[in-house]
Amino acid sequence: MEFFRIKSVEQSIRDTEEPEHRLRKDLSALDLTVFGIGVIVGTGIFVLTGRVARDLAGPAVALSFVAAGIVCALAALCYAEFASTVPAAGSAYTFAFATLGEFPAWIIGWDLLLELMLGAAVVAVGWSGYLASLLSSFGIVLPGAVAGEGAVFNVPAALIVLILTAILVAGIKLSSRFNLVIVTIKIAVVLLVIVAGLFSVKGANYSPFIPPAKSTAAVKGLSAPLIQVLFGISPVAFGVLGIFSAAAIVFFAYIGFDVVATAAEETRNPRRDLPIGIIASLVICTALYVAVSLVVVGMQPYSQLSEAAPLADAFKAVGQTWAATLISIGALAGLTTVVMILILGQSRVMFAMSRDHLLPAGLARVHPKFGTPYRITILMGVIVAALAGLVPLSTIAELVNIGTLFAFVIVSIAVVILRRTRPDLPRSFRTPLVPLVPILSVLACLYLMFNLPVETWFRFVVWMIIGIVLYLTYGYHHSRLSRRSPASR
């Protein structure tokens, strides 16, 4: 059963003190909270709110955000216990190694690489689109060959990735300060939009708050949701079921709060600060999402909201054209921090895997001056920049979603296992109502996974097969555990 050999919690913590692998501890609870807000509040707050209101939930889209927030909260409670108990880089990878064993840990680490790498590239492409839109409003038009998803090489997308990679290499404290400035800008924009929008809200636009339910056309082929293929359940728009159908979509606006856990090793007081950072960022972002959704459906009838830029177009519809430029600035700021923190999370997961020798050990070197895993950060920054510059990623963006949900499922299961196998461990934060909360988290995440298209599942399985082959041919034979004596395992 060597595939399931466990790396103990104590060993994971000892590994963080090795001189060549020691990361600098510079982060506070505030830094972690701002990181969480920085990665959660992105384009979703400017786009998804209007799209799902128009097509699925009507004015009740605010309840969809609440439902999605509850699903995330269930997983967040599990993450908070693990992050405070095992304060080491790697997030779900490290948690799985301490409970399920090496092979499951590799699988979840490989899954996180998919989630974070593609997520950063997809968001960078979106950043390029917003930049082109903002510049065009000032009369500057970027050539289609160098900007936009159809570009030969998307220069702005690749450039922003490389700039943010350099900031990440220069130190976690510099990264957190940069993130604080940008997050302050985008939160100020969001709050200003909410306040300004309140003056244009009409009570009649909220009626009916939950429009009557109606069936939607069944999706055919590989684009159909898996739940529809397996059980013949067609999606429903509006009504109570429409609220939950919308929740399956707006859930993806929350993706990223788990990245906070990857910074555990760089936190001054991880046992106290990590739970605060994870839960506080999720609560703040849920409140912002609900407020924005209520404002946008109050400003304009939900059936008239636009697809591409519902928030900006809602302001235009009430004569506040100045808001379009302001929203573009807020979106640019929002996407900047999302890209940076996704690359941060990705580099820390790969750092942990390299430190365990499941990936080349040389990648786990820490810079002697900056205290960051510079080799792995530069490597992943270059890869993400190339993906963002060359590959049109909209067709595979949903792989980010399935990867995230899979990680949530594993962490929720692992909490229950570690409670049973290591009840003696000190836990500064304990997930309430175990095993009920982890079970609800697993069921909720599986429900959302089954709402993803069949083609997304196929691509996910192919990525997992590639990972298994890589583990069997490299990781298993080079693992640090395979060279340790039984007494040290």
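Begin by selecting Arg22 and Glu17, which form a salt bridge whose closest N and O atoms are 3.7 Å apart; the term denotes a side-chain nitrogen of Lys or Arg within 4 Å of a carboxyl oxygen of Asp or Glu. This is a predicted model, in which local features need pLDDT of at least 70 and side-chain atom pairs count only at pLDDT 80 or more, while totals for chains, interfaces and linings use all residues. Residues are numbered from 1 along each chain as its sequence is written, and side-chain values use heavy atoms, with hydrogens and water left out.

Arg22 is partly exposed at 41% relative accessibility, and Glu17 is partly exposed at 42%. Here buried means under 20% relative accessible area, exposed over 50%, and partly exposed in between, with a 1.4 Å probe and protein chains only.

Next, select Arg480 and Asp15, a salt bridge with its closest N and O atoms 3.8 Å apart. Arg480 lies in helix H18 (residues 480–483) and Asp15 in helix H1, so the pair ties together parts 465 residues apart in sequence. Helices are DSSP runs (H or I, at least four residues), numbered from the N terminus. Arg480 is buried at 15% relative accessibility, and Asp15 is buried at 1%.

Now move to Glu102 and Arg5, whose salt bridge has its closest N and O atoms 2.8 Å apart. Glu102 is in helix H6 (residues 102–136) and Arg5 in the segment before helix H1 (9–15), 97 residues apart. Both Glu102 and Arg5 are buried.

Then select Thr99, in helix H5 (residues 92–99). Leaving aside residues up to four places away in sequence, Thr99 touches Ile6, Phe82, Ala414, Ile417 and Leu418, where contact means heavy atoms within 4.5 Å.

Finally, display the lining of the largest cavity, which includes Lys7, Tyr93, Phe97, Arg355 and Asp356. A cavity is a set of points on a 1 Å grid over the protein atoms alone where a 1.4 Å probe fits but cannot get out, and lining residues have an atom within 4 Å of a point. H5 provides the largest share of this lining, 3 residues.

Note on methods: Helices (H or I, at least four residues) and strands (E, at least two) are DSSP runs, numbered from the N terminus. On a 1 Å grid over the protein atoms alone, a cavity is a set of points where a 1.4 Å probe fits but cannot get out, and a pocket is an open set with protein on both sides within 12 Å along at least five of seven lines; lining residues have an atom within 4 Å of a point.
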